[in-house]
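Please consult the sequence and the coordinates alongside the points below.

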Amino acid sequence: MPVCCGGVAQFRLNGSRMLAVDLAGESIRALNGSMVAYEGQMAFKRQGMSGGEGLRGALKRRIAGESMTLMEISGQGTVYLASEATEVTLVPLAGDTLYVESESLLALEGGLQTGVHFVGLRGMGTGQGLATTKVDGHGTVAILSDGPAIALEVTPQMPLCVDPHAYVAHHGQLQQDVVTDVNWRTVLGQGSGESVQFRYQGHGLVYVQPAERGGILEI
């Protein structure tokens with residue numbers, strides 16, 4: 001059973017669609033309503049739209065149209081988390097930053113900091129708003145995907161282009177921009193526009209899912 005930990009809290013996968021977190025008095029944050037079972041003594045506290053970022057963080061999210069509803073879980077024992085039978089992937093952070101769609105964030109260790117990252121045109125292209133969520137620090141993040149997430153490596157010699165609807169998260173020293181290219185469906189006579197793609201350059205990992213959230217985007 002895969003195990004990944006960044007502190008006292010132990011994040012481990014129980015199958016591919018459930019996260020088990022062993023707590024010994026510390027706390028984590030998780031998607032509100034994602035608890036399916038727990039053993040031991042646990043306390044749950046809803047953090048609302050701010051996700052624990054305070055009033056300023058909540059205001060930034062409201063302005064950007066980026067929502068995230070988390071709860072704080074603390075106690076002694078094991079808590080089991082899942083969301084609509086989607087796949088769970090563990091991402092360890094060692095002082096770097098993970099950028100992730102808020103809808104793809106399941107849980108994170110209590111010592112990690114979250115915030116809003118404004119992305120402008122990229123958000124407009126996906127219909128997700130003008131911002132996405134960033135997670136900073138040392139610890140483990142559990143992310144969700146429709147089907148098993150695939151981590152694709154980006155190097156300076158090998159940039160990567162991703163369908164916005166398949167994008168889940170990325171981290172590392174990456175530059176992201178938006179490009180348009182001829183839609184493969186146009187080539188087959190099934191469309192009439194150009195598709196928007198995310199292009200990543202630099203060095204890092206991009207997580208994609210083997211499904212599209214809303215179909216091919218054309219402009």
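Of the 219 residues of the chain, 45% count as buried. The model is a predicted one, and its secondary structure comprises three helices and 13 strands. Among contacts between residues at least 6 apart in sequence, 76% join residues at least 24 apart. The accessible surface amounts to about 10400 Å², and 53% of that area belongs to carbon and sulfur atoms.

**Nonpolar cores**

- In soluble globular proteins, nonpolar side chains tend to be buried together.
- The largest nonpolar core in this model contains 19 residues, and those with the most contacts inside it are F11, L19, V21, I28, I73 and L81.
- Strands β2 (10-13), β3, β5 (70-81), β6 (87-100), β7 and β9 (131-145) each contribute at least two residues to this core.
- The largest share, five residues, is supplied by β3.
- A second, separate core consists of 14 residues, including L70, V91, L105 and V168.
- L81, one of the residues with the most contacts inside the largest core, is in contact with R17, M18, L19, V21, I28, A30, S34, M35, V36, I73, L106 and A107, leaving aside its neighbours within four places in sequence.

**Strands β3 and β7**

- Strand β7 (residues 105-109) is largely enclosed by the rest of the structure, because five of its five residues are buried.
- Strand β3 (residues 19-31) pairs with β7 in the antiparallel sense, over three bridges.
- Within this pairing, A30 has A107 of β7 as its bridge partner.
- The contacts of L31, not counting residues up to four places away in sequence, are T69, L70, M71, S83, L105, L106 and L144.
- The C-alpha atoms of L31 and L108 are separated by 9.3 Å, while the two residues are 77 residues apart along the chain.

**Aromatic pairs**

- The structure holds three aromatic pairs.
- One of them joins Y38 and F44 in a tilted arrangement, with 5.4 Å centre to centre and 55° between the planes.
- Y38 counts as partly exposed at 40% relative accessibility, and F44 likewise counts as partly exposed, at 34%.
- The pair of Y167 and F198 is edge-to-face, because the planes of the two rings lie at 80°, over the limit of 60 degrees; the ring centres are 5.9 Å apart.
- This pair links distant parts of the chain, with Y167 in strand β12 (residues 167-182) and F198 in strand β13 (residues 194-208), 31 residues apart.
- Y167 and F198 are both buried.
- Ring pairs also join Y167, F198 and Y200 into a cluster.

**Buried polar residues**

- E87 lies in strand β6 and is buried, with a relative accessible area of 10%.
- The side chain of E87 makes a polar contact with the side chain of R17, at 3.1 Å.
- Not counting residues up to four places away in sequence, E87 touches S16, R17, I143, L144, S145, G147 and P148.
- T133 is found in strand β9 and is buried, with a relative accessible area of 0%.
- The C-alpha atoms of T133 and S102 are separated by 5.7 Å, with the residues 31 apart along the chain.

**Backbone in the loop between β5 and β6**

- Most residues other than glycine have a negative phi.
- E84, in the loop between β5 and β6, has a positive phi near 55° although it is a residue other than glycine.
- E84 counts as exposed because its relative accessibility is 76%, which is over the 50% cut-off.
- A85 lies in the loop between β5 and β6, and it has a positive phi of about 60° although it is not a glycine.
- At 48% relative accessibility, A85 counts as partly exposed.

Notes. Residues numbered from 1 in each chain as written. Predicted model: local features only at pLDDT ≥ 70, side-chain atom pairs only at ≥ 80, totals over all residues. Heavy atoms only, no water. Phe/Tyr/Trp six-rings, centres within 6.5 Å; stacked < 30°, edge-to-face > 60°. Buried < 20%, exposed > 50% of the residue type's maximum accessible area, 1.4 Å probe, protein only. Helix = DSSP H or I, 4+ residues; strand = E, 2+ residues; numbered from the N terminus. Pairing = 2+ DSSP bridges. Core = buried A, V, L, I, M, F, W, Y, C linked by side-chain atoms within 4.5 Å. Contact = heavy atoms within 4.5 Å. Polar contact = N/O pair within 3.5 Å; in protein donor to acceptor, adjacent residues only side chain to side chain. Areas by Shrake-Rupley, 256 points an atom, 1.4 Å probe, with all protein chains shown as cover.
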